[in-house]
Amino acid sequence: MKTLLRRVLDTLLPPGCLACDTPVDDDGQFCLGCFRVANFVSAPMCAQCGAPLPHGGLAGEGGLCPHCAARPPAFTQARAALRYDETAKKLILPFKYADRTEMARGLARLMRRPGARMLAAADVLVPVPLHRLRLRARRYNQAALLARELARLSGRPCVPDGLIRQKHTAPLEGLSVAQRQAELTEAIMLRPGFEVAGLCVLLIDDVMTSGTTADACATALLAAGAGRVDVLTVARVADLRFE
């Protein structure tokens with residue numbers, strides 16, 4: 001019945017390109033024009049934080065970028081589908097700020113390929129949380145929508161409220177790494193009663209910039225006994241120090 005309903009809906013409302021709404025065969029696809037300009041994250045990249053690297057020579061021992069080698073993040077591995085450029089912004093900004101919540105399904109499908117191994121290994125999917133004041137203003141947590149769709153696609157359990165943002169932090173855009181770290185100090189905690197002891201947790205978000213937020217979430221999860229924390233996002237901001 002669900003398959004039949006989906007076919008009917010696809011006939012009446014054909015799936016659209018993630019970036020421009022041109023009709024395509026299925027959710028999570030680009031039309032030919034947008035595919036040609038989409039900047040997928042691929043090797044070379046840091047083996048840990050997933051930052052795109054201009055050449056493999058920047059990867060040191062273990063394939064780590066200089067920053068992960070000097071100060072390893074709390075999470076084990078991070079991966080993203082796209083570089084955060086103009087094409088990626090066409091996907092993420094409407095989804096995040098303009099109530100285009102229906103885009104979650106297509107974006108989750110886009111994330112599934114770079115996150116295949118992490119999804120297969122995950123015991124539970126947990127989104128990066130929003131503070132209640134920001135959630136009230138936006139009315140939804142875009143990371144939670146992605147986590148639910150990825151859970152549906154992968155068959156993995158999802159705990160949308162597993163993490164709590166107890167501190168109403170200032171917008172992190174434009175802040176240095178040190179300022180981001182200071183802003184996020186003690187900002188993230190586990191929801192009381194959420195047990196992660198020994199689990200492999202896959203943290204979900206829309207964009208990874210410096211990795212500071214993901215690191216704060218991973219630190220909270222590991223402090224509660226999680227065995228491993230990986231990170232999967234739609235897009236990754238390239239580190240300008242590597243460009």
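Predicted model: local features only at pLDDT ≥ 70, side-chain atom pairs only at ≥ 80, totals over all residues.

Analyst: A nonpolar core is a set of buried residues joined through their side chains. Here the largest nonpolar core has 34 residues, and F30, L91 and I204 have the most contacts inside it. Elements that give two or more residues to this core are β1, α4, α5 (103-112), α6 (116-121), α8, β5 and β6. Of these, α5 gives the most, with six residues. Another core, of 32 residues, lies apart from it and includes C68, A214, C217 and V231.

User: Which residues does I204 touch, not counting residues up to four places away in sequence?

Analyst: Setting those neighbours aside, I204 touches M111, L125, V126, P127, V128, A143, L146, A147, L150 and L232.

User: How should I read the largest pocket, and which residues lie nearest its centre?

Analyst: One considers the space of a pocket, then its lining. The largest pocket holds about 820 Å³ of space. Its lining comprises 35 residues, with K96, Y97, L172, E173 and T209 nearest the centre. By class, the lining has 16 nonpolar, ten polar and nine charged residues.

User: Which elements each supply at least two residues of that lining?

Analyst: They are α4 (86-97), α7 (132-138), α8 (142-154), β5 (200-208), α10 (212-223) and β6 (228-236). The most comes from α4, with five residues.

User: Let us take a single residue. Is Q77 buried or exposed, or in between?

Analyst: Buried means under 20% relative accessible area, and exposed means over 50%. Q77 has 22% relative accessibility, so this residue counts as partly exposed. Q77 is placed in strand β1, which covers residues 77-83. Beyond its neighbours within four places in sequence, Q77 is in contact with A47, Q48, M118, R228, V229, D230 and V231. The C-alpha atoms of Q77 and V237 are separated by 16 Å, and these two residues are 160 residues apart along the chain.

User: How many disulfides does the structure hold?

Analyst: A disulfide requires two cysteine sulfur atoms within 2.5 Å. The structure holds zero disulfides.

Terms used. Residues numbered from 1 in each chain as written. Heavy atoms only, no water. 1 Å grid on protein atoms, 1.4 Å probe; cavity = no way out; pocket = protein on both sides within 12 Å on 5 of 7 lines; lining within 4 Å. Points joined across faces, edges and corners; volume = space filled by probe spheres on them. Helix = DSSP H or I, 4+ residues; strand = E, 2+ residues; numbered from the N terminus. Nonpolar A, V, L, I, M, F, W, Y, C, P; charged D, E, K, R; others polar. Buried < 20%, exposed > 50% of the residue type's maximum accessible area, 1.4 Å probe, protein only. Contact = heavy atoms within 4.5 Å. Core = buried A, V, L, I, M, F, W, Y, C linked by side-chain atoms within 4.5 Å.
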